[in-house]
Amino acid sequence: KVAIKGIERELICPACKELFTHPLILPCQHNVCHKCVKEILFAFEDSFADGGSESSNQSSPRIRISATSMDRIDRINRSGIKRNSLTPRSTLFPCPGCQRDIDLGERGINGLFRNFTLETIVERYRQAARAAIAIMCDFCKPPPQESTKSCMDCSASYCNECFKVHHPWGTVKAQHEYVGPTTNFRPKILMCPEHEMERVNMYCEICRRPVCHLCKLGGGHANHRVTTMSTAYKTLKEKLSKDIEYLISKESQVKAHITQLDLLLKETECNSERAKQEASQSFEKLYHVLEEKKSAALRAIETSKNIRLEKLQTQVEEYQGLLENNGLVGYAQEVLKETDPSCFVQTAKQLHVRIQKATESLKSFRPAAETTFEDFVVDTAKQEDVLGDLSFHSSGLEIPEINEEQSRMYNKAVICWECPGKTDSADIYVLEYHKLNREDESVTWQKTEVCGKSKVLSDLDDDSSYAFRVRGYKGSICSPWSREVILRTPPAPVFSFLFDDKCGYNNEHLQLNPRRTSVESRAGFPLLLGSERLQVGCYTTLDYIIGDTGIAKGKHFWAFRVESYSYLVKVGVVPSNKIQKLFHNTHDVASPRYEQDSGHDSGSEDAFFDSSQPCTLVTLGMKKFFIPATPAAPKDPASRILPLPSSLGICLDCDTGRVGFYDAGRMKCLYECEVDCSGIMYPAFALMGGAAVQLEEAVTAKYREYHDDI
């Protein structure tokens, strides 16, 4: 038998770190005290009400919500909740055992099962721990006697005399079930928490919890696979028994592992002390270098100070000599008393030169030394940055690389990176970025910690370039910074729309996906029937489709992808007053009647061709981007043909009346022209033959997780 005192670790609540009290089984199968669950929910409500501040965590000294759990507050939109009852309103919280988000549903705590088995084991442990402490009778007059048995039906403890009085022979109470003295009273029948009048008689294999027949008939387990309680009891008991027998049979192996772990513990202690010693020595070297530099700097300042003081003191003494009856002036006054001309001239000539110099210095006074020590200011900005990055570097930790192909700059930025060895050797990554600004010489990196290999950023400015770098951390060891990658944001806020399946949509030639984010032109049987016009010299017309949302003002940007197999696609914008003309235009732009080069040399074909178009479009197809033939465009047709980017973007500025066509991957403008924005402008697309257009998906907070799952 396993000693009851050896299982204390399994009887500790992960929230309060004390023995379980009325434990509840969470959906993740972990156990938490009933009181702890309520305190956690109340703590979350207070955090919402206080905006997630740290001070809101002080209402319960037994429960401390971790920083990771506090981050989850942002996911729940329950701000402003005030606690005004004994029942918490919140039903979502992180499990203290596994940190998974637990949703208790509408019934909240009332929908959780109480773990009576665990409660009984805890009670046996308590009794073993306090064997000397007796359980007293609940009905004796003071002083109470020690109880000898407890009634499970009455939920009370009795001494022999009181038990006979309250359970007389020949009455219903005489049939009550009694056990040895205990404080743990459990019901004989386990009732369903959702249907309080029904007993649980089945076991849901999907949710792994007991249910009643009403749960199976019309509740949340209607379509789940269930089994009888006896079958579940037998199956689970057999599995548990076999697993326990297997573990007991491997006792020698477990002891060997424990011995090995004990050795590893000692080795870890020794290695950590050695690492501490080496780190201390490294910092001592830095301290020594800094102390030497400090001493040298202080000596230089002290030497400069002494020289300056000496110069200034000498200058003070010289000027004091200019005072009456003092120094040079006093000496000159004494010389003036000489009456012998020969002696006077002999002394006065040199004295006169000194007096003249003193007079000139008096007229142009200038201190003999500077009082400021600006030349002795130590610039430590670079060294502070280097010391700020000081950490444990390891050659075994790979340097991550930012994947520019997977990274996107759209309505938000998603930055992706990977390790060259395709191994996730780091525990956490730190992504830093800053905006490139030529005017601002100082660079301030913004930092964010990421557990995965991608991060969505939403605080970037439009039409700006940003530099990104990333490094990995494994404990206190970090890798060097990755190569900096520069990405540019869209030139304007992203405009969201779907393809319009009502206005002019030709479902015979075009096919939309259910989400209306992609359109495909199929060269099928209807197109084959339409080709009969080829006999009279007319080609098949373009099939147009527009966006379901228009733009009235401002500057907007949207992006899309044209499949590489597409034969002919036109993209651009169309005003609302020309939409009807767009879909009912009988002229065929691909018809020989409108061929630009009709054989005439007047050039009037180009003017007529441009003016006849109801919208502003550029032509794409066969993996090429065609710059329209305009007076400003190159004369050579070959120079007007560019490779088709993987993603294209359109920037419409209604205020200035200009539209630009961009390489959305590099945010580089390929072509820009004027456009009439007198009406509401709509995105326009035209397809012919086999072609397809896919709208770019907006970046969300779960963007990379969604794509990784796919």
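In this predicted model, phenylalanine 373 has a relative accessible area of 30% and is partly exposed. Phenylalanine 376 is partly exposed as well, at 28%. The two residues form a tilted aromatic pair, with 5.8 Å from centre to centre and 50 degrees between the planes.

The aromatic pairs number 14. One of them is stacked: the ring centres of phenylalanine 139 and tyrosine 158 lie 4.7 Å apart, and the planes meet at 5 degrees. Phenylalanine 139 belongs to the loop between helix H3 (116-129) and strand E6 (149-151), whereas tyrosine 158 belongs to strand E7 (residues 156-158), so the pair ties together parts 19 residues apart in sequence. Tyrosine 158 is buried, at 2% relative accessibility. Phenylalanine 139 is partly exposed, at 36%. Phe139, Tyr158 and Phe163 make up one aromatic cluster. Over the ring of phenylalanine 163 sits the charged end of lysine 149, 5.1 Å from the ring centre. Arginine 469 places its charged end over the ring of tryptophan 481, 4.2 Å from the centre.

Threonine 619 faces phenylalanine 626 of E28.

Serine 521 lies in strand E23 (residues 518-521). Its relative accessibility is 4%, so serine 521 counts as buried. A polar atom of its side chain is 2.7 Å from the backbone oxygen of glycine 689.

Technical notes
Residues are numbered from 1 along each chain as its sequence is written. This is a predicted model: local features need pLDDT of at least 70, side-chain atom pairs count only at pLDDT 80 or more; totals for chains, interfaces and linings use all residues. Side-chain values use heavy atoms; hydrogens and water are left out. Helices (H or I, at least four residues) and strands (E, at least two) are DSSP runs, numbered from the N terminus. Buried means under 20% relative accessible area, exposed over 50%, partly exposed in between (1.4 Å probe, protein chains only). A polar contact is a pair of N or O atoms within 3.5 Å; within protein, one must be able to donate a hydrogen and the other to accept it, and residues adjacent in sequence count only if both atoms are side-chain atoms. Two strands pair if DSSP finds at least two bridges between them. Rings of Phe, Tyr and Trp (its six-membered ring) pair if their centres lie within 6.5 Å; planes under 30 degrees apart count as stacked, over 60 as edge-to-face and the rest as tilted. A charge sits over a ring if NZ of Lys or CZ of Arg is within 6 Å of the ring centre and within 35 degrees of the ring normal.
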